[in-house]
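Reader: I am new to this structure and would like to find my way around it. Could you take my questions one at a time?

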Amino acid sequence: MSIHEIKKKIKECRNCALYTSGAGVPGEGEPCELMIVGEAPGAEEQTSGRPFVGRAGKLLRRLLEDEGISRFYITNVVKHRPPNNRRPLDTEIAACREHLEAEISAVKPRVIIALGSTAINYFTGEKQVGGTRVLRAGDVNYVLTYHPAAALRNPALKQDISNAIRIAKSLLKDSDRQKQP
Ligand code: URA
């Protein structure tokens, strides 16, 4: 499936009861080497149909820009806003899995930044963020770090997220070097 077909399917999804929040919010961007995965759309994302456009999203986008990163695919584990911004339920995450897996297959990232415990748990099975870390699985490097919403509450965490972005950047450069003959 092309990324455009996947995005259309996400907008129309009724896999779980969250569809009553409005249209599904697909990822943004074209296939590229860096993918960023958060938890679920918030109120502004649900209204605009775009991921990471609210306060936390603006902070994240500024940190990416500060590191000179402009090419990325950004999405969420769950594509509809849970009521009152509660954490997505395991059943909702399971119902949405086909979409994130389809996005990953189409985007083919070499580095995935997982933001916050829902995304970290999705990729690793671990419940805690536990600082910024890198894990390699197959051809993909996972950079695990805090969600930018946590950095709005505790500004010291901005540094961790910037570090994670810098690590992602250097992992992309390393694998570029390995690709050269
Ligand atoms: N938080 C997320 O995890 N995703 C968004 O798109 C916005 C806020």
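Predicted model: local features only at pLDDT ≥ 70, side-chain atom pairs only at ≥ 80, totals over all residues.

Reader: Which helix gives the most to the lining of the largest pocket?
Author: Four helices each supply at least two lining residues: α2 (43–48), α3 (55–66), α5 (116–124) and α6 (148–153). The one that gives the most contributes four residues, and that is α6.

Reader: Which helix supplies the largest share of the lining of the second largest pocket?
Author: This second pocket has about 200 Å³ of space. Its lining includes Cys32, Glu33 and Leu34, along with Lys169, Leu172 and Asp176. By class, the lining has four nonpolar, two polar and five charged residues. The largest share, three residues, comes from the helix spanning residues 157–179, namely α7.

Reader: What is phenylalanine 123 in contact with, leaving aside its neighbours within four places in sequence?
Author: Phenylalanine 123 is among the residues with the most contacts inside the largest nonpolar core. With those sequence neighbours set aside, its contacts are Val37, Leu100, Ile104, Ile112, Ala114 and Tyr142.

Reader: How many disulfides does the structure hold?
Author: A disulfide is a covalent bond between the sulfur atoms of two cysteines. To count here, two cysteine sulfurs must be within 2.5 Å. For the structure as a whole, the number is zero.

Reader: How far from cysteine 16 is the nearest cysteine sulfur?
Author: Cysteine 16 counts as partly exposed because its relative accessibility is 22%. Cysteine 16 is in no disulfide, and the nearest cysteine sulfur belongs to cysteine 96. The distance is 6.4 Å.

Reader: And which cysteine has the sulfur nearest to that of cysteine 96?
Author: Cysteine 96 has a relative accessibility of 7%, so it counts as buried. Cysteine 96 is in no disulfide either, as the nearest cysteine sulfur is 5.9 Å away. That sulfur is the one of cysteine 13.

Reader: How much space lies in the largest cavity?
Author: There is one cavity of 30 Å³ or more in the structure. Its lining includes Cys13, Cys16 and Cys96, together with Arg14 and His80. Those lining residues divide into seven nonpolar, two polar and one charged. The space inside comes to about 60 Å³.

Reader: Is glutamate 103 buried or exposed?
Author: Glutamate 103 lies in helix α4 (residues 90–107). Beyond four places in sequence, its contacts include Ile3, Ile6, Met35, Tyr73 and Lys79. Its relative accessible area is 0%, and buried means under 20%, so glutamate 103 is buried.

Reader: Where is phenylalanine 52?
Author: Phenylalanine 52 has a positive phi of about 55° although it is not a glycine. Phenylalanine 52 is buried, because its relative accessible area is 5%. Its place is in the loop between α2 and α3.

Reader: Is lysine 108 buried or exposed?
Author: Lysine 108 also has a positive phi, about 50°, without being a glycine. Its place is in the loop between α4 and β3 (111–115). With 61% relative accessibility against a cut-off of over 50%, lysine 108 counts as exposed.

Reader: How far apart in space are lysine 158 and proline 148?
Author: Lysine 158 is found in helix α7, and its 29% relative accessibility makes it partly exposed. Beyond four places in sequence, lysine 158 touches Leu59, Arg62, Leu63 and Ala151. Lysine 158 and proline 148 are ten residues apart in sequence, and their C-alpha to C-alpha distance is 7.3 Å.

Definitions and conventions:
Residues numbered from 1 in each chain as written. Heavy atoms only, no water. 1 Å grid on protein atoms, 1.4 Å probe; cavity = no way out; pocket = protein on both sides within 12 Å on 5 of 7 lines; lining within 4 Å. Points joined across faces, edges and corners; volume = space filled by probe spheres on them. Nonpolar A, V, L, I, M, F, W, Y, C, P; charged D, E, K, R; others polar. Core = buried A, V, L, I, M, F, W, Y, C linked by side-chain atoms within 4.5 Å. Buried < 20%, exposed > 50% of the residue type's maximum accessible area, 1.4 Å probe, protein only. Contact = heavy atoms within 4.5 Å.
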